[in-house]
Each structure stands twice: as C-alpha cells, then as structure tokens.
Amino acid sequence: MIINLLSDTVTKPTQGMLEAMCKAEVGDDVFNADPTVNELQEKIAKLFGKEDALFFPSGTMANQVAIKLHTQPGEQIICDKWAHVYNFEGGGPAFNSGVSCKLIDGDRGMFTAELVLENISNRKDIHQAITTLITIENTANKAGGACWDINEIKNISSVCKENDLSFHLDGARLFNALVAKNETPKQYGDLFDTISICLSKGLGCPVGSLLLGTKAHIQKALRYRKLLGGGMRQIGYLAAAGLYALDYHVERLEEDHRNAIKIAAVLEKATYIKKVEKVETNIIIFYTNNTIDDTNFVKILADEDVLITGMGQGKLRMVFHINITDLMIEKLVVILGDLKFK
Ligand SMILES: *Cc1c(COP(=O)(O)O)cnc(C)c1O
C-alpha cells in the first residue's frame with residue numbers, strides 16, 4: 001500500500017467516475033458538437049452565476065488565456081510573488097501575452113486592497129507600464145492551501161472597478177476554499193471577471209480545467225485556446241468526469257481537510273518536527289528540526305511507502321486527496337508516531 005501524498009493531482013478516477021466517463025455521449029468539440037462538454041460548461045457557469053464557461057486541457061492554459069483576454073502586450077499584471085501564474089507557468093505571461101508581472105510582497109500568497117492600490121501604475125506617466133489586470137489565487141498553493149478572507153477580495157474587486165482593472169481568480173483549488181470557509185460559488189462569480197478552476201486537483205478528475213466569464217470572454221477564449229493547440233475533439237469523456245466530480249466529489253473535500261488536520265496534529269507532537277504551518281485545507285507544509293534533515297526525511301518516509309514532497313529550504317509538503325483512505329491515515333499515524341531519530 002503506497003500512501004501517495006505528493007499532490008492532489010496523483011488521483012485515479014473512482015469507479016463511479018469511470019462509469020460516468022464510459023457512458024458519456026460525445027462528439028467533435030471543435031465543431032461544438034460534444035453534448036457532454038456543453039453540459040459541463042453550462043452547469044459550471046450557472047453554478048457561479050457567470051454567462052459562459054470553456055473546458056481546457058490544463059489550468060495553466062486556462063490562466064494564460066485569461067491573462068491574454070484582459071491585457072495587451074507591454075501592459076502589466078499584478079500578482080503575489082508566490083503566484084502560480086508567475087512562478088509555475090513557464091513564464092507564460094511574458095511569452096503568451098507580452099506582459100510583465102508586478103509582484104506584491106504578500107502574506108502567505110495573499111495581499112490587501114491597499115497593497116493593490118500602492119502597486120497600480122500611474123497611467124498618466126508614460127514611463128510606466130499600464131496596469132490592466134489583478135490576479136489572485138484561492139486557495140494559495142505555495143502557502144499550503146491558505147484561504148483568502150472574502151472581505152479582502154471584495155475590497156480588491158472594488159479597487160479594480162474604480163481603476164478600470166480586470167480581476168482574475170486562479171481557482172485551481174477554489175472548491176477546497178468554498179468547502180473550508182462555507183462560501184458559495186456565486187459569491188465568487190460576482191467578484192471576478194474570470195475564474196479558472198481545476199478539475200484534476202481535489203475534484204479527482206484525470207484531466208481538465210474550466211474558465212468562466214462573460215459570453216464575450218469565452219468567445220475570445222475559444223479562439224485563443226485553438227491558437228494554443230487546445231482545441232480538442234471527443235472531450236465529453238473528460239467532461240463526464242467533471243460533471244460527476246461536481247455532483248459527488250465536492251462535499252467530500254471536507255474529508256481531505258479533516259485528514260490533513262489529523263496528520264498535522266501528529267506532526268506537531270513529533271520530536272523531530274520544528275514547525276507545522278497552519279492547515280486550512282488539504283495541504284500540510286512543515287519543517288523538520290536538526291535531528292533529521294528534510295531530504296533524509298523524504299527518503300525515510302519513502303522507505304515506509306509514504307511519498308511526500310521536499311520543496312527545498314527545509315520545506316516539506318503533504319497533500320491529501322480522494323485516493324487517501326481511512327486505513328492509510330491510520331497507518332500514517334502509526335508510521336509518524338514510530339519514527340525515532342537521535
Ligand atoms: C495546479 C495549479 C494550476 C494549473 O496547473 P495545471 O497543472 O496546468 O493544470 C494553476 N494554479 C494553481 C494555484 C495550481 O495549483
């Protein structure tokens with residue numbers, strides 16, 4: 001039994017999801033003839049109170065198309081220094097949209113409306129790149145699945161409206177935040193121009209992300225997706241997984257959060273642990289003390305069939321997901337409790 005806590009992207013479809021996929025009615029989506037993907041797009045748009053949505057092969061492509069929708073080359077976007085769009089999308093903002101990123105020195109991947117105001121460029125000054133887009137991430141990945149305070153998001157949304165800026169949400173793990181904070185999709189739909197959501201993370205689908213926005217946004221996004229090589233054919237098989245996940249895999253995210261909290265409590269008591277960051281959703285970030293270094297710790301756990309990520313600089317990560325069973329959690333509690341170092 002391998003306990004794979006590397007990421008919530010390592011999941012395999014559940015039996016129910018596989019059956020839904022096999023039964024999907026499909027067609028060629030490049031000709032807009034796949035009924036299942038259309039159903040998924042309509043369903044998610046309605047859920048968030050947005051006009052339209054579009055299926056993407058990855059969250060990266062959905063975010064990058066969103067940036068392209070809201071900007072012109074030479075302009076500037078504002079995001080946190082830890083943002084996925086800046087750090088982990090291959091330099092996409094520069095490559096795909098020709099924009100620069102103004103990085104905010106936020107707190108655990110999150111920042112205030114006041115900091116946004118301080119960082120917007122002065123449009124009257126011809127020396128400065130024009131700010132056109134603010135993008136935030138919820139949950140904040142690099143911060144260990146931290147959740148934004150929705151009141152701060154409202155404040156930033158107002159700043160965007162007052163300053164003629166677009167507002168994009170990288171919601172790769174938005175459903176984790178919604179479940180953890182007891183918030184609704186509509187609350188988020190109201191605050192952002194566009195939202196990207198990953199089906200392939202906590203929701204347990206093999207592939208897929210969605211971009212939500214106005215009809216005009218999605219019309220343009222369809223063209224950019226094709227341009228990037230993301231026009232796909234019988235994707236109803238994948239969309240069926242998404243539809244299934246929205247029905248059956250959202251509320252259960254609570255379980256992943258509970259498991260993360262339970263294991264974090266075990267780590268906190270362990271003599272070899274220096275610090276465990278606050279757990280808000282399905283991710284634990286922690287550090288070992290000098291009884292064992294982080295790389296060794298990863299190896300020792302791997303010998304016990306427990307896979308975790310070393311993120312460098314002593315930072316370690318465990319991610320909980322749908323394929324982690326109660327039995328695995330029990331076993332993990334025992335393994336972590338039994339580890340002894342001099
Ligand atoms: C995973 C992730 C993405 C998208 O990643 P893909 O692997 O391209 O689907 C975007 N933003 C965040 C915060 C993520 O965690």
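Is Asp 28 buried or exposed? I began with this residue and found Asp 28 buried, as its relative accessible area is 17%.

I note that the model is predicted, so local features require pLDDT of at least 70 and side-chain atom pairs count only at pLDDT 80 or more, while totals for chains, interfaces and linings use all residues. Residues are numbered from 1 along each chain as its sequence is written, and side-chain values use heavy atoms, with hydrogens and water left out.

**Entry 1. Asp 28**

I placed Asp 28 in the loop between α1 (15-22) and α2. Elements here are DSSP runs numbered from the N terminus: helices are H or I of at least four residues, and strands are E of at least two.

**Entry 2. The largest pocket**

I recorded a volume of about 400 Å³ for the largest pocket. Of its 16 lining residues, Asp 29, Asn 32, Gln 41, Leu 54 and Leu 222 are the closest to the centre. Two or more lining residues come from each of α2 (35-48), β2 (52-56) and α10 (215-227), and α10 gives the most, with six. I counted the lining by class as five nonpolar, five polar and six charged residues.

On a 1 Å grid over the protein atoms alone, a pocket is an open set of points with protein on both sides within 12 Å along at least five of seven lines; a cavity is a set where a 1.4 Å probe fits but cannot get out, and lining residues have an atom within 4 Å of a point. Points are joined across faces, edges and corners, and the volume is the space filled by probe spheres set on them. For the classes, Ala, Val, Leu, Ile, Met, Phe, Trp, Tyr, Cys and Pro are nonpolar, Asp, Glu, Lys and Arg are charged, and the others, Gly among them, are polar.

**Entry 3. The ligand**

Which residues are closest to the ligand? I found 13 residues around the ligand, with Gly 59, Thr 60, Asn 141, Asp 170 and Lys 201 the closest; the criterion is a heavy atom within 4 Å. Helix α3 (residues 59-70) gives the most to this shell, with three residues. By class, the shell has two nonpolar, six polar and five charged residues.

A ligand oxygen is 2.8 Å from a polar backbone atom of Gly 59, and a ligand oxygen is 2.6 Å from an N or O atom in the side chain of Thr 60. A ligand nitrogen lies 3.4 Å from a polar side-chain atom of His 84. Of the 380 Å² that the ligand exposes when taken alone, the protein buries 83%; the areas come from the Shrake-Rupley method with a 1.4 Å probe.

**Entry 4. Cavities**

How many cavities of 30 Å³ or more does the structure hold? I found three. The elements giving two or more lining residues are β3 (76-80), α4 (84-87) and β5 (131-137), with β5 giving the most, three. I noted eight nonpolar, four polar and four charged residues in this lining.

The second largest cavity has a volume of about 40 Å³. Its lining consists of His 84, Glu 137, Thr 139, Asn 141, Asp 170, Ala 172, Arg 173 and Lys 201.

**Entry 5. Backbone geometry**

Most peptide bonds are trans, and most residues other than glycine have a negative phi. I found a cis peptide bond between Asn 138 and Thr 139, with omega about 0°; Thr 139 sits in the loop between β5 and α7 (150-162).

I also found positive phi values. Arg 108 has phi near 50° and lies in the loop between β4 (100-104) and α6 (113-119); Arg 108 is partly exposed at 24%. Asn 182 has phi near 55° and lies in the loop between α8 (174-181) and α9 (185-191); Asn 182 counts as exposed at 71% relative accessibility.

Technical notes
Polar contact = N/O pair within 3.5 Å; in protein donor to acceptor, adjacent residues only side chain to side chain. Buried < 20%, exposed > 50% of the residue type's maximum accessible area, 1.4 Å probe, protein only.
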